[in-house]
Amino acid sequence: MSELSGKYNPQEFEKQIYSEWEKNGYFHGQDSSDKPPFSIVLPPPNVTGALHMGHALTLTIQDTVLRRKRMQGFNTVWFPGTDHAGIATQMVVERELLKEGKSRHDLGREKFIEKVWEVKHRHHGFITNQTRVMGASLDWERERFTLDEHFSEAVNKVFVQLYERGLVYRGEKLISWCTRCSTAISDLEVEQNPENGKLYYIRYYVKGDNSKFVTVATTRPETLLGDTAVAVNPNDKRFKKLHGEKVIIPFVNREVPIILDEYVDMEFGTGCLKITPGHDFNDYEIGRKHGLITVTVIDKHGKMNENAVGFTGLTAKQAREKIVEELKNNGTLEKIEDYAMTISKCSRCDTVIEPLLSNQWFVKMDGMAKKAMYAVKDGRIKFYPQGWWEETYYRWLENIRDWCVSRQLWWGHRIPVWYCKDCSHFEVMEHKPKKPCARCGSSNYYQENDVLDTWFSAALWPFVAPGWPKDTATLKTFYPNSLMETGFDIIFFWVARMIMFGLEFMDEVPFKEVLYHAMIRDEKGQKMSKTKGNVIDPLVVTEKYGVDTLRFTLASMAGRARDIKLSENSIQGYSYFMNKIWQASKFVYTNAQGLDPEFNIKDIKYPLNKWIVSRLNSTALAVNKKFEVYELNDVSETLYKFFWHEFCDWYIELSKPMLNDEKASAETKYVLCYVQREFLKLLHPIAPFVTEKLYEASPLKDGKTIMLAKYPEGDEKFVAKEVEGSFGFIQELVSSIRNIKTIYGINAKNDVVVVSKKHSKLIDELKGPITKLATLRDISTADDLKGIDLAGSLKSVIPDAEIYMPAKEFIDFDKEFARFNKKLEEVSKDLNIVNNKLSNKGFLDKASAEVIEKEKRKLEEFTKLSTELKSAITMLETCRK
């Protein structure tokens, strides 16, 4: 048994313990084993990123699940890796170059990519070392990078095979374009931000009749230059006479038809919708449906192009201002209204997104989406929490569009398409073609300049991490993965696409279960950001409170809610729990002298010891049940309550006299050490460092490391419901006595008489500990009230017992009556205020349901308090007689 320092100081041992684990190979899974496999892949963090609280939550949850499985005897592997993060990493390097007054174009593609690799190598160690700090038991021998040679081979193979299967094509479509990043971006990378804008009402005159016009309402008057129709709802009677007419687009004098489409909302604006297929996704679909031409008036730099006659070269914003001014001048602008709207912005740089018609590479999604949907519907993949995210997943897949996978970047997986320089022919191949061009015979090829969307390679992670496209032993053993754990915000970015690609290339689901965690917010529920100054840095927190404290805090909050409201106060609160474990363990070890390690737990005979062993097994059974459905918040709460409120508050206190009892001490010492050791094992997956340190010092240590110790499953044979019931009674008895003393202001040690036929013997056996815990002078028992004078006693009734506390000599009646009556008067006032509100029709009509519910809860609370105060006054009156 090693010596423990007086104070819980995690900085003294956390790094050393992790180093020992890694050095001894405890994290490594075996390609061949008799044990059942359990595998997870780490959602790879950006290689240039830094650990944030979202990473900390992911690492905590995944490591907790994996450590328990390892202790249960599974052959576990957790695949680590980092993501090349195309656009994010390129932006990091471009910002560095900007400080030097340069752009990537000054370097050229080859030199720029070399620069990015330098940055990658420089940053790689930061994020992986920060991951180690969190205690993550990743199999570092299997680390991958999504742009390494192995991954690049896999990506090329997948793209080529998709093309050969008719699932990849190049085409001109409307896509989301970021003018700052100069690339197409995924619809999922577009953020919708609420903003206050303007709604412009503009007249379009009917061809050949200047007395007739339609008025359209738009938030983007600069796009009217690209209008190719005006749409009305065929059911809108206001426009029946205009069916089949044409209108003239201002400035460009283009004749466009009035078309009929039920998509038009008759209640919005004027009921007339300008159709700009080149700059709006809904308009694009309407345009395709009606065979409209597409006119693009904004270019890839966000400026008006040659089609915007009279406005060419202006930014979209400048063009809007000029167009509005001219519309005012010529009388075709009817009015401008304030309008609450949503603006599409790039999630990377916050630039307004421009829908643009562009030639891009796409992956057909329909067929793969249907397979991915059925994989969840038929139970091959289960989502947790169950019933929360399935419908969202189905809805997205039912309405899926083809995936634009090409990006106009330099950093990333360059698309394996080879163009002949001497003709328009191209080949889709993993490597540069060795044969001459099939069309013109030239051998002069160049590779596609675009790279693939980062999420394309990420979608391969579950089967490429274990070795695909090679048929490795690792792949055979650990695919499909057992669990995918991630935030619900990337259910479409990542989870759905992994399922699609897993089914397409492995003919099997990529994982059997998916666990979605909540998003971390600040204590007010706001998103954490540097600009708001509300970021909680996990590395600062771990330095201050220890890794286990942060992990336990996050696990305790990882419930079903969509948001985790995190504050430093909550983290600090759980640091007290870690200290409690440390100090209680020191007490256990200090009292372990003369311990008989060969004692058999089956031989315990004292009720107190039977009770705590029963509670330990009940706790283990409950914890394992919650682990199976990944409810880590309930696991944490159950362990917290058991250790602090049962083991420390009750068992340790009640066991102290027994430790000094010659007959009971041997058994009690063993039970103390045994229960503490088994609790450490139960807690280890969540709080690995403190449990390892304390396990090393345990006189009952039963292995090299707690990591490989058997996880306590709980044994029904040791669950003694009768004993638990009896000790539940003792807990309620002590709590009730404490409550009486608190209510009536009794601080001195006094006497209590407990009348209970059922529990008199148990109370007498534990007389010493009860008097100490309840701050009593003495406690006596009786089967009934015969011959007992209890005049002047306070009374409390609990199940199976009546408690009488002679109190005249301890109570200042005048003072207590005054205190209770004053409090009753205050509560009565509060009660009247709430009653008046809830009987006021005006309040009920105007107040929100949430406010009314709050007032109802107040009414319930004040009514209960009023009843309790009246009962206390009645009790005082009875006691004084």
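The buried residues of helix H25 pack against helix H22 (721–743), helix H26 (841–846) and helix H27 (849–880). Contact here means heavy atoms within 4.5 Å, and buried means under 20% relative accessible area, with exposed over 50% and partly exposed in between (1.4 Å probe, protein chains only). The buried set of H25 consists of Phe 813, Glu 816, Phe 817, Phe 820, Leu 824, Val 827, Leu 831, Val 834 and Leu 838. H25 covers residues 813–838; its 26 residues should span 38 Å at 1.5 Å a residue, and the end C-alpha atoms are 37 Å apart, which agrees. The expected span is 1.5 Å times one less than the number of residues.

This is a predicted model, in which local features need pLDDT of at least 70 and side-chain atom pairs count only at pLDDT 80 or more, while totals for chains, interfaces and linings use all residues. Residues are numbered from 1 along each chain as its sequence is written, and side-chain values use heavy atoms, with hydrogens and water left out.

The protein chain holds 27 helices and 29 strands, where helices (H or I, at least four residues) and strands (E, at least two) are DSSP runs numbered from the N terminus. Its C-alpha trace spans about 115 × 75 × 55 Å along the principal axes. Of the 881 residues in the chain, 54% are buried. Among contacts between residues at least 6 apart in sequence, 77% join residues at least 24 apart.

Aromatic rings come next. Rings of Phe, Tyr and Trp (its six-membered ring) pair if their centres lie within 6.5 Å; planes under 30 degrees apart count as stacked, over 60 as edge-to-face and the rest as tilted. The count by this rule is 54 aromatic pairs. Two of these are tabulated.

| Pair | Centre to centre | Angle between planes | Class |
|---|---|---|---|
| Tyr 384 and Tyr 630 | 5.2 Å | 75° | edge-to-face |
| Phe 577 and Trp 644 | 6.3 Å | 20° | stacked |

Phe 577 in helix H17 (residues 568–590) and Trp 644 in helix H19 are 67 residues apart, so their pair links distant parts of the chain. Both Phe 577 and Trp 644 are buried. Tyr 384 belongs to strand S15 (residues 382–384) and Tyr 630 to the loop between helix H18 (607–628) and helix H19 (632–659), so their pair ties together parts that are 246 residues apart in sequence. Tyr 384 is buried, at a relative accessible area of 7%, and Tyr 630 is buried at 9%.

Cavities and pockets were located on a 1 Å grid over the protein atoms alone: a cavity is a set of points where a 1.4 Å probe fits but cannot get out, a pocket is an open set with protein on both sides within 12 Å along at least five of seven lines, and lining residues have an atom within 4 Å of a point. Grid points are joined across faces, edges and corners, and a volume is the space filled by probe spheres set on the points.

Three cavities of 30 Å³ or more are found in the whole structure. The largest cavity has a volume of about 60 Å³. It is lined by 11 residues, and Ile 87, Glu 189, Arg 407, Asp 453 and Thr 454 are the closest to its centre. Helix H3 (86–99) and strand S6 (183–185) each supply at least two residues of this lining.

The second largest pocket contains about 1500 Å³ of space. Of its 47 lining residues, Thr 219, Arg 220, Asp 280, Met 341 and Thr 342 lie nearest the centre.
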